[in-house]
Amino acid sequence: MNTTRWILPSEVLAHNTSQDCWVSFLDHVWDLTTLVKDHANDPEYQPIIKAAGTDISHWFNPKTKDIRTIIDPDTELVTPHLAVTELLDVAKIEPDLGVVPPRKPWWKDESRIIGKLSKNPRWIRIVNTLTKLEDMIEVAGEESLWDILARFKKINSHADSYTWKFLGRVLTMEKTLDQNGIKDESAKFARLNLDYDMYIPAIMIYYNDDLTVA
């Protein structure tokens with residue numbers, strides 16, 4: 001199984017309070033719960049709490065991976081962008097002192113990273129040929145079928161007892177959907193003004209002890 005944990009934007013969105021606070025920025029997902037949970041009324045923590053469950057990449061310079069800055073026209077000092085001046089750990093301007101350096105900022109504490117943000121979330125259908133049940137789940141296009149199987153085990157705890165097929169072909173579990181020939185055609189359907197729900201790929205799973213499967 002791929003060691004990278006791919007996290008969907010919809011999963012980030014579900015963690016949107018001061019007691020359960022995830023954000024994404026610059027391709028990664030961060031769990032900031034322990035940072036903010038005891039500071040719900042502290043002004044410096046409010047920007048983070050209000051942004052819980054969202055992507056905050058616009059706060060950062062993608063090249064330096066640090067808070068965006070501007071040149072203050074009065075002091076000619078490099079200062080934080082106005083949008084984040086009240087943010088926790090952002091350097092403040094003090095009269096006659098210039099920029100006061102903060103402690104190590106939270107956005108450089110990589111121990112808070114819990115995974116990578118999927119840039120290709122997509123839906124698939126999984127059809128159980130034994131039970132005739134069909135489930136539709138959202139997955140990350142970057143993850144392998146083993147990772148998708150791990151997601152599906154929340155629905156079917158015996159998912160690894162099945163052979164996975166698409167259009168009659170046994171799928172390679174180490175590969176992604178795209179690498180297995182299961183293309184994401186949502187863009188094509190959007191151009192044709194067709195509802196993507198009309199075509200969500202169906203993966204058929206066959207129970208390995210089912211003697212009706214050759």
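## Basis

In this predicted model, local features need pLDDT of at least 70 and side-chain atom pairs count only at pLDDT 80 or more, while totals for chains, interfaces and linings use all residues. Residues are numbered from 1 along each chain as its sequence is written, and side-chain values use heavy atoms, with hydrogens and water left out.

## Nonpolar cores

A nonpolar core is a set of buried Ala, Val, Leu, Ile, Met, Phe, Trp, Tyr and Cys residues joined through side-chain atoms within 4.5 Å; buried means under 20% relative accessible area, exposed over 50%, and partly exposed in between (1.4 Å probe, protein chains only). The largest core has 21 residues, and Phe-25, Leu-32, Ile-48, Ile-56, Trp-59, Phe-60 and Trp-106 have the most contacts inside it. At least two residues of this core come from each of strand S3 (20-25), helix H2 (33-36) and helix H3 (46-50). S3 gives the largest share, 3 residues.

Another core, of 18 residues, lies apart from that one and includes Ile-124, Leu-145, Leu-149 and Tyr-162. Helices (H or I, at least four residues) and strands (E, at least two) are DSSP runs, numbered from the N terminus.

## Helix H4

Helix H4 (residues 145-152) is largely enclosed by the rest of the structure, because 6 of its 8 residues are buried. These are Leu-145, Asp-147, Ile-148, Leu-149, Arg-151 and Phe-152. Their cover includes helix H1 (9-13) and strands S12 (121-128) and S13 (134-140).

## Leu-194

Leu-194 is in the loop between helix H5 (186-191) and strand S16 (202-207). Leu-194 is partly exposed, with a relative accessible area of 38%.

Technical notes: Contact = heavy atoms within 4.5 Å.
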